[in-house]
Amino acid sequence: MKTTRMRVKQAVPFAIAIGIWFLPVPDGLTPQAWHLFAVFVAAIGAVLIGAFPLLTAAMIAVATVVLTGTITPANAFSGFSNSSVLLVVIAFLVAQAVVKSGLGRRISLFMVSRFGKSPLGLAYSIVLTDAAIAPAFPSNTARAGVLFPIVLSVAQGAGSVPDDAEKRRLGGFLMFCAMSSLAVSSALWMTATSANPIGVQIARQSGLDIGFGSWLLASSVPALVAILLLPLIVAKLFPPRVAETPDAPAAARRDLGAMGSMSRAEWITAVTFVVMVAGWVFADSLGLNVTSIAFMGLGVLLVTDVLSLRDIAEQGDTLTTFLWLAVLFALSGQLNELGFMSYAGERLASHMGGLSWPVTYVTLIALYVAIHYLFVSQSSHVLALLGVFLDVGVRGGVPLPLMAFGLLFASSYFSVITPQGGSQNIIFAASGYLRQRELYQMGLLVTLAFMAIFLLIGTPWVLLVTR
Amino acid sequence: MSTDRLGVALLLIVAIFVTALLATACAPGPEPQGAAAPTVGAVEFQGTWNAAGTRRTIPLGGGRTSSIVELKGTMLLEGPGRPGVGFLAETIALVDSASGLSGRSVWTDENGDQVFSELVGEGTAAKNRISGTIVGGTGRFAGASGSYEFSWQYVIESEDGKIQGRAVELRGVVQNGPAEGARQ
């Protein structure tokens, strides 16, 4: 039975939506953009205060905006055919094959045998692996598809399960480390996410040519510091509560030996996975669509009976994720297409006049990061606002390379601020190891930590190397 | 303070911050000096246009291409006598790499009043200056006339086929029509 407190809490998002909806439409915005903003901000607010789960908030939001004629059904439901959204869903299903076939247990035992003396050791092995493979993956969602089965297998291999309050902690710790790692490793390498080349093109239009080497030089120090501190920060925020396990590596080596040689299902899964990874790495040069590669991989796993239809049917959480992600993706995209995002960005930036350039720089970066609460895609955010903020910063006296790199790096590390802030997050968020509120809380704290590192360490470094 | 409480407190701070941020963004901006109610005579304006949309291209051989472009986004204006703080500007255009651009644009303000214009331009990456002729409107822009020009700072295509552009140096002059003049 719902308590009065819960009922009040659940009334708050409706009050927010109705309150904003009936405020006078700001000059220069259309009523549609304003009303969509009212509904979107209420939906995100509902999750932030714990009034409703994301699925509930998303369903009410999409029904409201379509039934009130705010946006067309075609636009509202466009997320269901978006390739990034579909890639998340398929990568999640493929990950189940890695676990079911036994390949995941083998990988898990191998990792524990090498790094399993402590949860921190496991976390570092995941974070450093991600940093090492990142430059080869132009899609960080595909990279999440590679990392997730490994992290899931390691968590399950260590006895961590989502439904147990205490046992879920190790899995939650590793999941969040991996999720945050994807954010910061994307800042380290220019080719680690599709949003980076878009940002580089925008910077070029402003007069700054950035290549692979100059990006790496500028990002190296702040990004590596962030990568090295990441497991420690997450351990502080969400302690895995697992003691040091000095004997675990030896035990894992024994279990690995007892597993014997790889089974048929393991071989099929391993080969399928390797081919998928190769396809993702060379997708651009071969002209292949990354989502179609994932569909083919899932098809092969079904044809060879590594996965059955029953296995797919049991993944109810995947459907939940698909529904809310597709809806939020479409609504956020419509906020952009109706002009709300650039309107807010331009108007915010117009208040920057008269400030010293360091204040302008820090304020613009903070605003740029905070506004990511309204986005469900890094690329959309970069496309909509990077040029605007870069322009305002440079006109405010901030050195062009500093402003450009500051915004480019932020475009990667801000993705962890919400679970929907980047499609690569969703696979980890949907694992069930972390509650939605925890994802928002830790997302905010880790993003603030990243921002502090990139501002305090990255700023002097970028100024030094771009002199 | 536990990490959980710290997280809740920070989330609340962020919620307040983002709300304040958006209130600032959407609050009326400082009026330009000398701003006044729209006048009957011609007035100048300038601004920016951030637009998102789609582009479908067909090759015509020999490197020639033709595209249908649909763009929609916020046009924010400055200047004394500007016709409005901003508009939702929607454009449909045919862009031919050999013969240039021909398009139509509709600007809609917060009251639903609209400005209609026709666009022509060279439409290439190197020469993307586009000229618009205001050919009328509805509501307070009924019978409006004038012209404007802009060029793209960038137009970038994302992996999902969507394009986003930012137009700068948007400058023009608009004259209210007889209907608006009569109301004043």
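Tutor: Contact means heavy atoms within 4.5 Å. Neighbours within four places in sequence aside, A:Arg106 is in contact with A:Leu256, A:Met259, A:Gly260, A:Ser261, A:Met262 and A:Glu266. The model is predicted: local features need pLDDT of at least 70, side-chain atom pairs count only at pLDDT 80 or more, and totals for chains, interfaces and linings use all residues. Residues are numbered from 1 along each chain as its sequence is written, chains are lettered from A and ligands numbered from 1 in the order in which they are written, and side-chain values use heavy atoms, leaving out hydrogens and water.

Student: Is A:Arg106 buried or exposed?

Tutor: Buried means under 20% relative accessible area, exposed over 50%, and partly exposed in between, with a 1.4 Å probe and protein chains only. A:Arg106 has 14% and is buried.

Student: How is a pair of aromatic rings described?

Tutor: By the distance of the centres and the angle of the planes. Rings of Phe, Tyr and Trp (its six-membered ring) pair if their centres lie within 6.5 Å; planes under 30 degrees apart count as stacked, over 60 as edge-to-face and the rest as tilted. Over all chains, the structure holds 23 aromatic pairs. A:Phe409 and A:Phe454 form a tilted one, 5.6 Å centre to centre with 50° between the planes. Both A:Phe409 and A:Phe454 are buried.

Student: Which pair in chain B may be compared?

Tutor: B:Trp49 and B:Trp152 are tilted, at 5.3 Å and 35°. Both B:Trp49 and B:Trp152 are buried.
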